[in-house]
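My entries follow in the order in which I made them.

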Amino acid sequence: MQLHIGGYLSFYMPGKQTRFDLGLEKPTPLKEILQCLDVPLGEVQLVIHNQSIVNLQDAVIRDQDMVKIYSSVDGG
Amino acid sequence: MPLKTKIKILRVDLTSGALDVEIFPERLYRLYPGGKALAGYFLLKEMPAHTDPFSPQSLLILASGLMTGSPISTTTRYVVAGRSPLTGAVGCSEAGGYWGPALKQAGFEAVIITGRAEQPVYIWIQDDQVEIRPAEHLWGLTTAEVEEMIREELGDPKVRVLQTGIAGENRVRFAGLTNDLRHFNARNGMGAVMGSKNLKAVAVRGSQRYDEIADDKEGLRALARKLARQVRENPLSWELQHRGTPGLVEPLNAGGMLPTRNFRQGAFEHAADVSWEVYEKELLTSRRTCFACAVRCKREVLVDGKPSRYGGPEYETIASFSSNCGVSDIKAMAKANELCNAYMLDSVSTGNIIAFAMECFENGVIGLADTDGIELKFGNAEAMLQMIEKIAHRDGFGDLLAEGSKRAAEQIGGDAMQYAQQVKGQELAMHEPRAKHNVAMGYAITEIGADHLVVAHDTAFTSRDALPFKSAQALGIKNPQPARSLSDEKMEQFLILESWNNFQNTVGYCFFGPAPRSFIPVEDVVESINLASGWDLTVENLLEIGERTTNLFRVFNYREGFTSKDDDLPQRFFTPLEEGALAGEAIDRDTFLAARAKLYQLKGWDPVTGVPTRERLEALSLGWAADMLDTSQEDVK
């Protein structure tokens with residue numbers, strides 16, 4: 001799967017990385033994937049799964065999927 | 001404990017050439033500690049109702065605040081205020097950079113300018129020496145040329161130059177001001193007021209250090225050092241430093257709230273072409289900052305393959321000239337930004353007005369005969385750049401658009417007004433109101449016309465775990481709320497966040513410093529105020545300063561004939577959004593009107609008319625302003 005970490009969430013990633021290519025052997029809940037990467041789940045505000053907005057709690061990801069997650073977005 | 005310094009106000013009468021310095025009493029400064037509050041005080045006290053913004057009698061006020069120029073990161077802001085020629089309401093625009101701190105270093109809190117010079121002039125302030133100098137040789141030049149020439153003739157490359165541009169000279173109603181070519185008092189047309197006074201620039205150089213006026217300089221320095229370290233440790237300020245505001249394009253587009261094609265749509269199919277990653281690859285050359293600020297959110301860019309002298313486009317400009325005009329060419333967008341800064345046009349209004357004209361053109365409301373033969377279709381980057389030139393120079397069709405979208409729509413007639421996305425005559429900033437309902441309410445009711453910095457944005461407060469929500473609890477924000485809601489509790493949040501932002505705009509804090517938007521905790525903001533002043537204020541006192549400022553501006557507008565009818569949104573936002581993740585979303589008009597009445601009530605205003613009550617004004621020490629409520633509104637705009 002391709003994972004894009006958007007907004008300030010990449011602050012928490014090693015090397016402030018924004019993109020990950022991950023191999024999934026089986027469909028996996030997104031929550032589990034993000035927990036493995038130490039993404040603070042409470043700060044994930046928006047999840048785009050293959051171009052649709054989905055609920056973080058329900059999303060199940062397959063190997064060929066594309067996922068983008070974002071923190072809260074303020075103005076400026 | 002009294003302040004260590006006197007609050008000095010410089011008065012300049014350009015008609016007579018008279019210069020005067022007065023001391024503003026500390027007992028009043030505690031109520032109006034600079035910036036927006038101080039400007040509101042003088043505008044109400046000294047400018048008669050219905051003064052033509054372009055008349056010699058109109059006031060142009062330049063005001064720093066209590067914290068401006070302190071060692072605390074993000075305390076760089078000052079305001080430019082007057083009566084807006086775009087809206088007819090109170091006009092006020094803030095900027096960072098170096099000019100505000102320089103004014104403070106010269107020993108002045110504010111400059112109040114009246115009159116009109118016979119020939120173009122500029123003002124030169126060097127500590128307590130003030131001079132009005134000829135500027136005929138600067139008239140008609142780009143802002144970069146003007147800054148270079150003023151510094152050269154004053155023999156000092158560190159002189160800070162605040163100036164209007166060719167657009168201001170031509171009284172384009174949304175002309176702004178710039179300092180250091182990279183920081184902009186863009187909104188509300190204050191540059192046109194400056195131009196109408198034949199005033200090209202105000203150059204400043206000062207030698208007084210903030211240490212000399214701070215009550216506890218060691219305490220303030222220690223706090224500044226601690227906060228500077230936190231910039232990189234806080235995810236919110238880290239993101240501002242790393243990506244700056246251009247980083248907003250991608251998440252706003254993903255969330256379906258990127259204004260696209262004159263706010264018809266919430267997502268732009270070419271957003272990836274104007275994203276931060278492309279910006280970084282195609283445009284970015286380096287990063288810059290404002291006075292003593294560790295955030296470093298400013299950007300330097302290439303335009304036409306060369307380093308631009310004007311700084312890089314911020315999010316507002318990117319969205320205004322790309323998605324909202326349907327233009328996917330990031331280099332054309334950067335060129336549009338440079339043109340606006342060279343001529344000193346407000347890029348938000350300029351992009352909006354061109355988008356308005358594009359929609360009129362595509363719907364046959366105007367044609368090639370109106371547009372000087374320019375094919376003004378969405379996505380036509382070349383047409384967009386041509387129109388910027390025409391607006392700045394008031395050439396052909398640009399002369400009409402230079403009046404702003406509301407006046408232009410009135411003159412065009414037909415269906416044109418439905419394509420003008422403005423409130424009180426000022427074009428909306430680049431945040432989709434159907435996605436953020438407190439922002440929508442802010443667009444509707446704020447006294448200066450549609451503006452995006454009235455409240456912190458709803459999307460930051462939807463979850464208990466979101467960093468902005470956590471830090472906002474110190475302000476009294478209790479529960480997370482949906483972004484698309486106008487509940488009573490949302491209106492309570494609105495009032496708190498509006499007061500907090502107006503406090504920041506009064507004392508000189510940038511939106512990108514204090515919580516909840518960024519890294520400075522509320523308690524450290526309070527501490528900084530007390531270390532600087534020697535006062536003993538609480539967060540409640542600071543919110544009251546902000547609320548007082550709102551009410552000053554409200555009374556100003558009342559006097560000019562504004563009513564609750566002016567606190568409304570364009571019809572488009574009560575109809576469904578097209579495209580993107582929030583397609584189909586609309587604001588329910590009845591819910592909006594009920595929420596507005598609730599908000600008026602929470603503010604201590606009449607829930608129907610939106611006029612402040614005497615009781616509330618007196619509670620805010622504004623009894624003198626309450627007397628102005630007796631003024632008749634018959635002689636309105």
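**Helix crossing, chain B.** I began with helix α19 (residues 488-507) of chain B and helix α21 (residues 539-559) of chain B, whose axes come within 7 Å and cross at roughly 85°. Axes are lines fitted to C-alpha atoms, for helices over the stretch in contact, and angles run from 0 to 180 degrees between N-to-C directions. I therefore noted α19(B) as roughly perpendicular to α21(B) (65 to 115 degrees; under 35 is roughly parallel, over 145 roughly antiparallel, the rest oblique). Helices (H or I, at least four residues) and strands (E, at least two) are DSSP runs, numbered from the N terminus.

I then looked up the contacts (heavy atoms within 4.5 Å). On the α19(B) side they include B:Trp500 and B:Phe503, and on the α21(B) side B:Leu542 and B:Ile545. By class, I recorded seven nonpolar, six polar and two charged residues in this contact. Ala, Val, Leu, Ile, Met, Phe, Trp, Tyr, Cys and Pro count as nonpolar, Asp, Glu, Lys and Arg as charged, and the others, Gly among them, as polar.

**Model and conventions.** This is a predicted model, in which local features need pLDDT of at least 70, side-chain atom pairs count only at pLDDT 80 or more, and totals for chains, interfaces and linings use all residues. Residues are numbered from 1 along each chain as its sequence is written, chains are lettered from A and ligands numbered from 1 in the order in which they are written, and side-chain values use heavy atoms, with hydrogens and water left out.

**Sheet, chain B.** I found an open sheet of three strands with antiparallel pairing, in the order β13-β14-β15 (chain B). Two strands pair if DSSP finds at least two bridges between them. Its edge strands are β13 (284-288) and β15 (306-307) of chain B. Four bridges join β13(B) to β14 (residues 298-303) of chain B, and B:Ser286 has B:Glu300 as its bridge partner.

**Sheet, chain A.** Here I noted an open sheet of five strands, ordered β2-β1-β7-β4-β5 (chain A), with mixed pairing. The edges are β2 (19-21) and β5 (52-54) of chain A, and the twist averages 25° from one strand to the next. β4 (residues 46-49) of chain A pairs antiparallel with β7 (residues 66-70) of chain A over four bridges, and A:His49 stands opposite A:Val67.

**Build, chain A.** I listed one helix and seven strands, in the pattern β-β-β-α-β-β-β-β.
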